[in-house]
Amino acid sequence: MFGGSIPQRQAEQSGQPVHLRATTLLLPEHPVSAPLLPASRAPAGETKRRRGMAAGGDTVSLVHVGMDSSNKTLLKSEALYQYVLDTSVLPHEPDCMRELRLVTDKHSWGFMQSSPDEAQLLRMLLKLTGARRTLEVGVFTGYSLLATALALPEDGSVVAIDVDREAYEIGRPFIERAGVAGKVDFREGPALEHLDALLADERNVGAFDFAFVDADKPNYARYHEQLLRLVRVGGTIVYDNTLWAGTVALPPDTPLCDLDRRFSAAIKDLNVKLSADKRVEVCQLAIADGITICRRLV
Ligand SMILES: C[S@@+](CC[C@H](N)C(=O)[O-])C[C@H]1O[C@@H](n2cnc3c(N)ncnc32)[C@H](O)[C@@H]1O
């Protein structure tokens with residue numbers, strides 16, 4: 001599951017970063033659910049709160065038996081993920097984003113684009129936090145960038161950095177047609193250099209409300225130091241791929257390709273650092289490929 005997909009093999013051969021799809025987090029060997037006990041076998045004294053109740057009041061299952069705070073996750077089936085997409089995500093995906101996503105799916109590196117549920121989360125976070133000035137590291141064809149530009153207010157802006165202008169050019173017409181190109185400031189080149197260039201101007205220090213990082217995993221820890229100066233106290237930094245297709249939790253001797261081993265190790269280091277970093281409050285989400293939200297405290 002972790003070493004043999006076609007996109008992964010292609011990526012290994014070309015040395016490009018590998019982004020395994022969110023579905024690789026859906027580990028089929030995990031139990032589908034807690035045992036579904038008939039009502040008659042419910043433990044004595046079981047409360048209504050722990051029973052699944054049908055509309056008419058009949059007990060249909062005890063779906064949470066066997067769960068405690070250490071294993072309460074729903075990421076157990078592709079069908080469940082599809083349900084989330086079909087019910088709550090795709091009906092609200094703007095047409096321009098869907099069109100760009102489908103075009104990008106045909107790109108040989110299409111698996112690198114953010115998932116629709118992740119883009120929905122980004123839009124929600126931007127709106128909830130009222131972000132105006134934002135940064136994006138890792139644009140590719142611009143799916144998460146378009147989500148960001150759509151969520152920003154009229155006077156909002158996003159500095160979007162990527163080494164690959166060619167990929168950005170695929171998405172630019174979609175951004176223009178959506179009427180949000182005026183909010184996008186694309187900068188081509190290595191992100192470390194562009195972030196340093198921003199920091200060289202005092203006016204940018206603490207001037208950003210929000211940053212989304214989705215490129216170049218081994219440098220996440222360095223981006224973190226730069227972004228902690230660019231993003232204001234109270235602002236938000238979001239890191240993508242922080243569970244790296246679930247590899248972060250595999251036994252250390254699990255065979256992985258060289259790229260996955262390096263990226264997974266970098267992400268594991270990052271997760272430990274972020275968790276111990278008193279300058280931020282963190283929230284790890286198990287959606288998409290793992291997302292960590294940091295709120296700058298000092
Ligand atoms: C996973 S993709 C970004 C996906 C994008 N957020 C989306 O939703 O479609 C990663 C991108 O990072 C870019 N990248 C890789 N290394 C980089 C670096 N050192 N500086 C800037 N961009 C880089 C790649 O060119 C690629 O387009």
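Here is our chat about the model.

Me: OK, and what is the mean pLDDT?
Reply: The mean is 84, and 79% of the residues reach 70 or more. pLDDT is the predictor's confidence in each residue, from 0 to 100.

Me: Where does pLDDT stay under 50?
Reply: Over residues 1-55. Where pLDDT is low, the predicted coordinates should not be read in detail.

Me: Which elements have the lowest and highest mean pLDDT?
Reply: Helix α1 (residues 6-14) has the lowest at 37, and strand β6 (residues 208-213) has the highest at 99. Helices (H or I, at least four residues) and strands (E, at least two) are DSSP runs, numbered from the N terminus.

Me: Let's look at the sheet. What is the strand order?
Reply: Seven strands form an open, mixed sheet, ordered β5-β4-β3-β6-β7-β9-β8. Two strands pair if DSSP finds at least two bridges between them.

Me: Which strands stand at the edges?
Reply: β5 (184-188) and β8 (280-285) do, each with a single partner strand, so one side of each has no neighbour in the sheet.

Me: How do β3 and β6 run, parallel or antiparallel?
Reply: Strand β3 (residues 133-137) and β6 run parallel, joined by four bridges. Thr-134 stands opposite Phe-210 in β6.

Me: And how many bridges do β8 and β9 have?
Reply: β8 and β9 pair over six bridges, in the antiparallel sense. Here Cys-283 stands opposite Ile-293 in β9. Their hairpin has five residues between the strands, and Ala-288 takes a positive phi near 50 degrees there.

Me: New topic: which residues come nearest to the ligand?
Reply: Gln-113, Ser-114, Gly-138, Ser-144 and Ala-215, out of 20 residues around the ligand. A residue is near a molecule if its C-beta atom, placed from the backbone, lies within 6 Å of it.

Me: Which elements supply at least two residues of that shell?
Reply: Both α5 (143-151) and β4 (157-162) do.

Notes:
Residues are numbered from 1 along each chain as its sequence is written. This is a predicted model: local features need pLDDT of at least 70, side-chain atom pairs count only at pLDDT 80 or more; totals for chains, interfaces and linings use all residues. Two residues are in contact if their C-beta atoms, placed from the backbone, lie within 7 Å.
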